[in-house]
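Hi,

Here is the structure I promised to pass on. My notes on it follow just below.

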Amino acid sequence: MKGVIFNLLESLVIDRFGDEIMEEIYEKAEFSADAPPFIGPETYPDSDLIAIVSLLSEKSNLPVDDLIYEFGKYMLPVLADKYPVFFQDVESPIEFLKSVNDIIHVEVKKLFDGATPPLVTVANVNQNQAEIHYASERKLCRLLEGLLEGTADHFDKNISYHHKQCMKDGFDDCILNIEFNEPVPR
Ligand code: HEM
């Protein structure tokens, strides 16, 4: 995973839990590379990210999956601030979500050498519903759920979703049915 994601996780730990917890995590974590510091454009093993979240889970008594979800929710407004171009002229959550695979993550691959973002495709189902497919060896669908929630907040809309198929149960991809409380543009 790119260093830029580690840097976002560090900001979450410091903002929500404080500098001391961050330092304690770094003292205890057995990282596989010569990090920290994690540098934005560099690539680090996913296991280093999980090591940070696992230690945070021990220290906060919050489940790893809940922390990953919170990380996704935390990440979205920070990304909106850092990369406003991806939000310009985008008027709805669905329009934004549809741009992730074909625009945002394509640019991410150009910007960050060696980035391997997940597959995230979105299709309308009916007037109020869409279906999102997610596939990644990392199986970070809880991060995706947090990002979905963050997207709804960003556009000041309500979204509810049902995770109807999950990679963690052995499927090739996760499928989430998303329901909007207003008709969704195609
Ligand atoms: C401005 C918006 C965004 C930017 C700049 C961005 C950028 C990135 C970057 C740099 C990574 C790390 C890839 C790697 O290290 O190989 C990543 C991963 C990821 N992104 Fe995005 N992203 C954005 C929005 C979104 C949104 C809205 C979603 C989903 C709704 C999403 C889903 C994910 C997920 C789930 C991962 C974790 C990696 C995985 O599952 O394999 N991203 N993104």
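Helices α1 (residues 3-17) and α4 (residues 64-82) have axes that come within 10 Å and cross at roughly 110 degrees, and they are therefore roughly perpendicular to each other (65 to 115 degrees; axes are lines fitted to C-alpha atoms over the stretch in contact, with angles from 0 to 180 degrees between N-to-C directions). Helices are DSSP runs of H or I with at least four residues, strands runs of E with at least two, numbered from the N terminus. From α1 the contact (heavy atoms within 4.5 Å) takes in V4, I5, L8, L9, S11, L12, D15, R16 and F17, and from α4 L67, E70, F71, Y74, M75, V78, L79 and K82.

This is a predicted model: local features need pLDDT of at least 70, side-chain atom pairs count only at pLDDT 80 or more, and totals for chains, interfaces and linings use all residues. Residues are numbered from 1 along each chain as its sequence is written, and side-chain values use heavy atoms, leaving out hydrogens and water.

Now the largest pocket, which holds about 730 Å³ of space (an open set of points on a 1 Å grid where a 1.4 Å probe fits, with protein on both sides within 12 Å along at least five of seven lines; lining residues have an atom within 4 Å of a point; the volume is the space filled by probe spheres set on the points). Of its 35 lining residues, I5, M75, L79, H105 and L147 are closest to the centre. α5 gives the most to this lining, seven residues.

Best wishes

Key
Angles under 35 degrees count as roughly parallel, over 145 as roughly antiparallel, 65 to 115 as roughly perpendicular and the rest as oblique.
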